[in-house]
Amino acid sequence: MDSEKNSLLKYSKYQYIIIGAGGHAKVILETLRLENKKIYGFFDDNNVKLQGLKYLGTIKELNKWTDKEKEKYKFIIAIGDCAVRKKIVEQLNLSSEQYGVAIHPSAILAESISIGPGTVIFANAVLNPDAVIEKHVIINTGCIVEHDCIIKSYVHLSPGVALAGGVRVGIGTQIGIGSQCIQTKKIGSWCMIGAGSTIVKDIPSHTLVYGTPAKIMKEGINIEF
């Protein structure tokens, strides 16, 4: 992460705004605090509490802010559901530069990885050389992303997922807790991979897969909306 493109310094001077207030938002908030980042408040469609953080209104109210107001902050979508996260990004129509990242201090990141805007990486995750993580990805607690993996936008790797070298994961796919994939396999877009699965062959897009070894249980699923 030594290139100008991947420098996290550009995110450090801004106050952060979290969008969402569920359990996933709590983990993002804690990660930002451990990074010593300033947090301004949060938006959510329900007027709820989020660990003493300032409630700023509904997501629609954010769209009423002027571009000049939005430029003061970095935003993170704190929604675990991949399709909902994508939908909110499209509703907000913010530029990529307006999204920040959250990386837990205990995560181990190789120098040569690439991290897209809006991505979050939680405690004890390991990302090895030349891994590419695109935008609005969730790398959850204790995940291992080995060398040369490519993780496309809106993916959610649940806690404890392990991907061997050269694995590719398509847009919007969620891989369940404790699952693993052997090297160089391709997992399609908008797939659901059940908890504890072992992936030993390529997985086509829009499929529900689970088991050890993982098997296709349903094809043609449409979790994107």
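Six strands, in the order β6-β9-β12-β15-β18-β21, form an open sheet in which the pairing is parallel; strands here are DSSP runs of E with at least two residues, helices are runs of H or I with at least four residues, and both are numbered from the N terminus. Two strands are said to pair if DSSP finds at least two bridges between them. The edges of this sheet are β6 and β21 (198-199), each of which pairs on one side only. Within the sheet, strand β15 (residues 162-163) pairs with strand β18 (residues 180-181) in the parallel sense over 2 bridges, and Ala-162 stands opposite Gln-180 in β18.

The model is predicted, so that local features need pLDDT of at least 70 and side-chain atom pairs count only at pLDDT 80 or more, while totals for chains, interfaces and linings use all residues. Residues are numbered from 1 along each chain as its sequence is written, and side-chain values use heavy atoms, with hydrogens and water left out.

Taken as a whole, the protein has 5 helices and 23 strands. Its radius of gyration is 17 Å, close to the 17 Å that the globule rule gives for 225 residues, and the protein is therefore as compact as a globular protein of that length; this radius is taken over C-alpha atoms, and the rule is 2.2 Å times the number of residues to the power 0.38. Along the principal axes, the C-alpha trace spans about 50 × 35 × 30 Å. Of the 225 residues, 49% are buried, where buried means under 20% relative accessible area, exposed means over 50%, and partly exposed lies in between (1.4 Å probe, protein chains only).

Another parallel pair is made by strand β1 (residues 15-19) and β2, over 4 bridges, and in β2 the bridge partner of Ile-17 is Gly-41. Strand β2 (residues 39-43) has 4 of its 5 residues buried, so it is largely enclosed by the rest of the structure.

His-104 lies in the loop between β5 (102-103) and β6 (108-109), and it counts as buried because its relative accessibility is 16%. The side chain of His-104 makes a polar contact with the side chain of Ser-106 at 2.8 Å; such a contact is a pair of N or O atoms within 3.5 Å, where within protein one must be able to donate a hydrogen and the other to accept it, and residues adjacent in sequence count only if both atoms are side-chain atoms. Beyond its neighbours within four places in sequence, His-104 is in contact with Thr-31, Leu-34, Ile-121, Phe-122 and Ala-123.

Tyr-154, in the loop between β13 (150-151) and β14 (156-157), has a positive phi of about 70 degrees although it is not a glycine, and at 6% relative accessibility it counts as buried. Trp-190, in the loop between β19 (186-187) and β20 (192-193), has a positive phi near 50 degrees and counts as buried at 5% relative accessibility. Finally, a cis peptide bond with omega of about -5 degrees joins Thr-212 and Pro-213.

Conventions. Contact means heavy atoms within 4.5 Å.
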